[in-house]
Amino acid sequence: MSPLLQVKNVTKKYGGLTANNAISFDVAENEILSVIGPNGAGKSTLFKMIASFTPTTSGEVIYQGERISNLKPHIVARKGVVRTFQETTIFKSMTVRESVVVAQHLRAKASLAGYFWGSKTAKDDVTAFEKYADELLEFLGMSEIAGEQASNLPQGSLRALGIAIGLATDPKVLLLDEPFAGMNHDETMNMVNLVRSVRDERGVTVMLVEHDMPAVMNISDRIVVLNFGEKIAEGTPSEIQNNEKVIEAYLGSVDDEIGM
Amino acid sequence: MLGFTSKQLIGVGIFLFMIFIGVPLIIGATGRWDFYFTLTSVALLAIASAGVWLTFYIGRINIGQGAFALIGAYVSAILVVKAGWSFWISLPAAGLFAAIVAILIGLPILRLRGVYFAMITLVLTQVVTLTALALPITNGAKGISNIPLPSGISLFGIPILPDFAGMENTKLAFYYTACVIMILTYAALYRLVNSRLGHLCRSMQQNEELASSIGVNISYIRIVIFAISSFFGGLGGAMFGSIAQSVYPSSFQVADSVNFMLNCFLGGLGYVFGPMLGTLVLYFGWDLLFEFGKYQMLIYSTVLILIIRFLPNGLLSIRIGKGGDK
């Protein structure tokens, strides 16, 4: 089976600094793939390039046989590759439900003028969005906080809201940026189950950047390890745990790193 | 009805009654005919302010509405005086022209955010003023004067709008015209804000990155909104030129642009009808303080600062508070 998404020799340079150097790997349909590495390894930059939030210096990202790097982010989102952000990036003064309704923009059938005049298609859209928002929040176990203003939510719920917003776009590939950061063990386990059910029940391919090693080992089908902008390893969690380069990368910087 | 609560409908009813029947009655009883001109000005400035409010709605501080009002005034004046168009056709044409200019200017500058966008728009008014001084068609510093009053319109021999020149009381006619256009503007604005387009604007106002990650074409919506905003500016400006029967490069200045923005702040950025109230209060407030002579500006600015400091959500936040009509 050909891979759903291919990262091919992707390089990003900021002036003299190389954030990512010739990174290549494939993402298979329906897998959960984690990108890990010490701080500054270039994980976030890589995600930004996959979602086309920043152009590549060279190399390309291929999705379903089509090049998606260096396009506008909303076009890549339209194709089904959607990125979520860390918890501060939300619609602060919207409620949870409003955020999820607005995030279904891509599913809209009516034109902007249709919305203005209140055409039938537009009304049907809104009804469908609200219905799906309720379903989605139910699925994510967020029905109880649907009416809460996003700015009043605790961190864990914000993370879930980020995922809800991402899922509302009906993505094929969801890129999660540190979904477990700052969570305690129970919250992390809930989130791990949630991410897994997103893949299992919704058929969404998930890529995540994460620091929480136990969670990563638990959830991932495969792991890509970056260090100083280079890919140093790729494989299943057990392969990665026994990879010498990976151990060196982490242990070699134990002081300023997460201390694994 | 139409998704409004009965309370809102009553409010709108009272408002319409006041401006179309109440105000003329009061003015007739007191004999203060000059109030028509004041209130007409408020209505027109409120139309332009509505545009500024809309750009706030996508998270952009717009201090350039004076530029578009001036463009609208000139386009209408030139079409009426030099091309012999009817004023009523020149009015939407002025709005459209302002919108087209906004698209051309907006393409490069709408990428900017925050204070950078604000600074560029601040310069726009001056640029348009200088352009009007330089171009032959705008007649330089002399401007365009003796603009004829709006002529009548009839369709298949049935008069729809009377000829303003043949009227005894053009003040009242202009007042009604301005009020009708203002109401249409705010109805359109209300509809826009409460439609899905409004929700997309809110998503952009709150987080452009996230908005684009959910597939919103943010640059397209920014342009559309800026064009609509400037359309309102052009419309207000064109009406103004017609009432004053003249347009000069100084008809709208940087100070006017700043006032359009202040109207929005004062009324409340969270409420569609904020700029309307803001314009009314600001316009009358300035006049009422006239008695203080040289202290007029001092008192005026102090009050403004206090209001912005203690009522950051504008005057409407006092009455409506949380969860009122947006």
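## Helix packing, domains and the chain contact

In this predicted model, helix α2 (residues 34-57) and helix α9 (residues 218-244) of chain B have axes that come within 7 Å and cross at roughly 165°.

**Exercise 1.** Classify the relative direction of α2(B) and α9(B), then state the handedness of their crossing and the make-up of their contact.

*Solution.* Two packed helices are described by the angle between their axes and the distance between the axes. The angle to be classified is roughly 165°, and angles over 145 degrees count as roughly antiparallel. Therefore α2(B) is roughly antiparallel to α9(B). The crossing of the two helices, α2(B) and α9(B), is left-handed, and the residues of their contact divide into 15 nonpolar, eight polar and no charged.

**Exercise 2.** Describe how chain B is divided into domains and how domain 1 of chain B meets domain 2 of chain B.

*Solution.* Begin with the bounds: domain 1 of chain B covers 1-32, while domain 2 of chain B is made up of 33-142 + 167-319. The C-alpha centres of these two domains of chain B are 24 Å apart. Seven residues of domain 1 of chain B touch seven residues of domain 2 of chain B, and on the domain 1 side these are five nonpolar, one polar and one charged.

**Exercise 3.** Characterise the side of chain A that touches chain B, by elements and by residue class.

*Solution.* The contact takes 25 residues from chain A and 20 residues from chain B. On the chain A side, the elements that give two or more residues are α2 (73-79), β6 (81-83), α4 (112-117) and α5 (120-139), with the largest share, four residues, coming from α2(A). By class, the chain A side divides into 17 nonpolar, five polar and three charged residues.

Definitions and conventions. Residues numbered from 1 in each chain as written. Chains lettered and ligands numbered in written order. Predicted model: local features only at pLDDT ≥ 70, side-chain atom pairs only at ≥ 80, totals over all residues. Domains from an automatic or database assignment. Contact = placed C-beta atoms within 7 Å. Nonpolar A, V, L, I, M, F, W, Y, C, P; charged D, E, K, R; others polar. Axes fitted to C-alpha atoms, helices over the stretch in contact; angles between N-to-C directions. Parallel < 35°, antiparallel > 145°, perpendicular 65-115°, else oblique. Left-handed = near helix turned anticlockwise from the far one by under 90°.
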